[in-house]
Amino acid sequence: MTDILIYFGIFIFFLIFTYLRLTDKHRGLRLPPMPRFMLPLFDPRLMRESWKEGSNFYQAMVNMGKTYGSIFRLRFLNIEFMHMLEYKDIKNAFVTQGSKTSDRMSKFCVFNYVSYDKKRGNTVGLLNSSGRVWRETRRFTLSVMRDLGLGKNRMEERIIDEARILTEFIPKEKQPFNPRLLLVSAVSNIICGFIFGHRYEYDDDKFINQLHNLDEFTQSVANQSPTLLTTWFINIPGTAANKVYLLTKDIDRFAKEEIDRHRNVFDENCISDLIDAYLVEESKRGFADDVFNEFSIISTVRELLCRK
């Protein structure tokens, strides 16, 4: 019975391998090199390099580049990725030819999945959307931020006011202390002023909890775990994909509470922050619009907060 299971497993393995080879839409194209032998779901060389470097995904990529050059391809879970290691290649791809490479990955990436609007069938927000949705969202958000004082004297006044409040919370005793939380709170309050129209007290429990969530989110992303490249792992506890997914849901709840509060006191003649401006545009276009709707607002707010 054991031998039958082994032979059956080998048969299924080569069946999947053959199917992927025959259905490879990139065959015959002049593309950058990739490892010659790759398993159906992942590249063993990448796994080996990641393990050797202590799960340092970036250093594993550098090591791969020594063999395949500064531009090469890899496959993870049957998704092909193009890796560029040198500045000149990145600049050429995303600046010189930016119009050809501005689209984002499909919804199967964790970051795109959490911003995917299932009702309207498109990805929304500033960072993960593509094409018309991305252009309209970006243009509108930048316009509103400038109107609210970004890059003007009003921005300087907000920073000075927040700096004054920050100095009041610095311990008076001449003892060593860690200023990280205070500094993060001050910077986040500047962003919150633009998004929500108000700041939070440094000892506000809800605010502190969200700062911890944003910090954990940033650290999880910085670890560059391969599990973030697919949604297969979002429900598996302990994976980076699951952690990012849960943190995203918590940050979204926080953003929705603020949006609901704005709706309750909304006055289209008094626009004081980004959410107010979004609500005005939403009412003009109708709630069924694929660019300006509640889920789009939540995604945009989350992405701005996570890039603090």
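1. Start with Phe-292 and its partners. Leaving aside its neighbours within four places in sequence, Phe-292 is in contact (heavy atoms within 4.5 Å) with Glu-136, Phe-140, Tyr-278, Glu-281, Glu-282, Arg-285 and Gly-286. Phe-292 itself sits in the loop between H12 and H13; helices here are DSSP runs of H or I with at least four residues, strands are E runs of at least two, and both are numbered from the N terminus. With 1% relative accessibility, this Phe-292 counts as buried (buried is under 20% relative accessible area, exposed is over 50%, partly exposed is in between, with a 1.4 Å probe and protein chains only). Phe-292 and Gly-125 are 167 residues apart in sequence, yet their C-alpha atoms are 9.4 Å apart in space.

2. A word on what you're looking at. This is a predicted model, in which local features need pLDDT of at least 70 and side-chain atom pairs count only at pLDDT 80 or more, while totals for chains, interfaces and linings use all residues. Residues are numbered from 1 along each chain as its sequence is written, and side-chain values use heavy atoms, with hydrogens and water left out.

3. The chain as a whole. You'll find 13 helices and four strands in the chain. Of its 308 residues, 40% are buried. Take the contacts between residues at least 6 apart in sequence: 59% of them join residues at least 24 apart. The chain exposes about 18500 Å², and 58% of that comes from carbon and sulfur atoms (Shrake-Rupley, 1.4 Å probe; for residues, only the protein chains shown count as cover).

4. H12 against H13. Helix H12 (residues 274–285) packs on helix H13 (residues 294–306) at an angle of about 155°, their axes 10 Å apart. Axes are lines fitted to C-alpha atoms, for helices over the stretch in contact, with angles from 0 to 180 degrees between N-to-C directions. H12 and H13 are therefore roughly antiparallel (over 145 degrees; under 35 is roughly parallel, 65 to 115 roughly perpendicular, the rest oblique). H12 passes H13 in a right-handed crossing, where right-handed means the near helix is turned clockwise from the far one by less than a right angle, and left-handed anticlockwise. From H12, the contact uses Leu-274, Ile-275, Tyr-278, Leu-279 and Glu-282; from H13, it uses Glu-294, Ser-296, Ile-297, Thr-300, Val-301 and Leu-304. By class that gives seven nonpolar, two polar and two charged residues (nonpolar: Ala, Val, Leu, Ile, Met, Phe, Trp, Tyr, Cys and Pro; charged: Asp, Glu, Lys and Arg; polar: the others, Gly among them).

5. H7 against H12. H12 has another partner to look at: helix H7 (residues 131–147) packs with H12 at about 130°, with axes 10 Å apart. H7 and H12 are therefore oblique to each other, and their crossing is right-handed. H7 brings Glu-136, Thr-137, Phe-140, Thr-141 and Val-144 to the contact, and H12 brings Leu-274, Ala-277, Tyr-278, Glu-281 and Arg-285. The tally for H7 with H12 is five nonpolar, two polar and three charged residues.

6. Ser-299, over in H13. Ser-299 belongs to helix H13. Its relative accessible area is 0%, so Ser-299 is buried. Not counting residues up to four places away in sequence, Ser-299 touches Val-114, Ser-115, Val-124 and Gly-125.

7. H8 against H9. Helix H8 (residues 153–169) and helix H9 (residues 180–196) cross at roughly 145°, their axes coming within 10 Å. H8 passes H9 in a right-handed crossing. On the H8 side, look for Met-155, Arg-158, Ile-159, Glu-162, Leu-166 and Phe-169; on the H9 side, Leu-182, Leu-183, Ala-186, Asn-189, Ile-190, Gly-193 and Phe-194. Sorted by class, the contact of H8 with H9 has nine nonpolar, two polar and two charged residues.

8. His-83. This residue lies in strand S2 (residues 79–84). His-83 is buried, with a relative accessible area of 18%. Setting aside neighbours within four places in sequence, His-83 is in contact with Met-61, Ser-70, Ile-71, Phe-72 and Leu-74.

9. Lys-206. Look for Lys-206 in helix H10 (residues 205–222). At 38% relative accessible area, Lys-206 is partly exposed. Not counting residues up to four places away in sequence, Lys-206 touches Phe-254 and Glu-257. Lys-206 and Phe-254 are 48 residues apart in sequence and 8.6 Å apart in space, C-alpha to C-alpha.
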